[in-house]
Amino acid sequence: MNGPLDTARGALAMGREQPRVLRQAAHRPWPLPRGPWVLAQTWLDTAFLHWPVDPERLRPALPPGLTLETWRDAAWVTVTPLAIRASRPRLVPPLLPSSAFPELNLRTYARVGDRPGIWFVSLDAGSPASVAAARTLFHLPYFTARIALGRAGDEARVRARRAARPWVAFSARARADGPAAPPAPGSLDEWLLERYCCYGADRRGGVWRTDIHHPPWPARPATAVVEHDTLTPPLGVAGPPALAHLADRQDVLFWPPRRAGHR
């Protein structure tokens, strides 16, 4: 069992490695943002559970100015549980209590102009400090939640329940059934996974874009079983996930949010 010292050493090692992702940028659909990145994170045991849905169920959830994207006339929503480690502002070591926490995201896919990205319907996290910071700085709909993540071999599990709205809950398990590989160019996997910005909205409805960077996702195909879900049905989700992926680790950098449409 790792003690506090081992945990701190592991976090510091992750923090040193995170900026190395800047060496790999040829795969990006547009150049790296100008200026320095402001936040780094390492994502572990990330699962992606995907469903196609009727676009008309999703469009009312998006603010004006943000265009819902579809793949072969279907919109898609994705539930993403993950363990965030070594979360830190630039030039700050990842040793704060809020630098490691579990998270569960519900997202769909949207664009402003020629920048395809992610629109988060909601984000649940186990760190109240991170929730408050992300709501204020990145204009994202974060909520504090109780989230338990588990990993045993090729299987990942999640159980989550929103703190202030305990009727909002999600639990599932996913088992990898193939090797890790970057998504094939032009595939649905690439369309779902390779997104290099996310969008948020302020209280006045203004849309903001946060640019992100990471290497291509080393995703493994997976089979998922949802055990309990009151999170996604309002968006028209029904039945088991149509597609699922698992990934062991991804280092990610974030730039300051900017008004959408600005370069």
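Glu-155 is found in strand E7, which covers residues 155–162; strands (E, at least two residues) and helices (H or I, at least four residues) are DSSP runs numbered from the N terminus. The model is a predicted one, in which local features need pLDDT of at least 70 and side-chain atom pairs count only at pLDDT 80 or more, while totals for chains, interfaces and linings use all residues. Residues are numbered from 1 along each chain as its sequence is written, and side-chain values use heavy atoms, with hydrogens and water left out.

**Surroundings of Glu-155**

- Glu-155 counts as buried because its relative accessibility is 13%, where buried means under 20% relative accessible area, exposed means over 50%, and partly exposed lies in between (1.4 Å probe, protein chains only).
- The side chain of Glu-155 is joined to that of Arg-157 by a polar contact of 3.1 Å, and a polar contact of 3.5 Å joins the side chains of Glu-155 and Arg-175.
- A polar contact is a pair of N or O atoms within 3.5 Å; within protein, one must be able to donate a hydrogen and the other to accept it, and residues adjacent in sequence count only if both atoms are side-chain atoms.
- When residues up to four places away in sequence are not counted, Glu-155 touches Gly-150, Arg-173, Ala-174 and Arg-175, with contact meaning heavy atoms within 4.5 Å.

**Nonpolar cores**

- The largest nonpolar core has 38 residues, and those with the most contacts inside it are Leu-66, Val-77, Leu-104 and Phe-170; such a core is a set of buried Ala, Val, Leu, Ile, Met, Phe, Trp, Tyr and Cys residues joined through side-chain atoms within 4.5 Å.
- Leaving aside neighbours within four places in sequence, Val-77 is in contact with residues including Leu-49, Trp-51, Leu-106 and Val-237.
- A second, separate core of 30 residues includes Trp-43, Trp-71, Ala-74 and Trp-76.

**Helix H3**

- Helix H3 (residues 128–138) has Ser-130, Val-131, Ala-134 and Phe-138 as its buried residues.
- Seen down the axis of H3, these buried residues fall within an arc of 105 degrees, so they line one face of the helix; the arc is that of the directions from the helix axis to the C-beta atoms.
- The exposed residues Pro-128 and Thr-136 are carried by the face of H3 turned away from its buried side.
- The buried residues of H3 pack against several strands, among them E1 (39–53), E4 (101–112) and E6 (142–152).
- Just after H3, His-139 takes a positive phi of about 60 degrees.

**Two further positive phi values**

- Arg-72, found in the loop between strand E2 (67–68) and strand E3 (75–89), has a phi near 50 degrees, a positive value in a residue other than glycine, and counts as exposed because its relative accessibility is 74%.
- Ala-86 lies in strand E3 and has a positive phi of about 55 degrees although it is not a glycine; Ala-86 counts as buried because its relative accessibility is 2%.

**The chain as a whole**

- The chain has four helices and 13 strands, and 52% of its 263 residues count as buried.
- Among contacts between residues at least 6 apart in sequence, 70% join residues at least 24 apart.
- Along its principal axes, the C-alpha trace of the chain spans about 50 × 40 × 40 Å.
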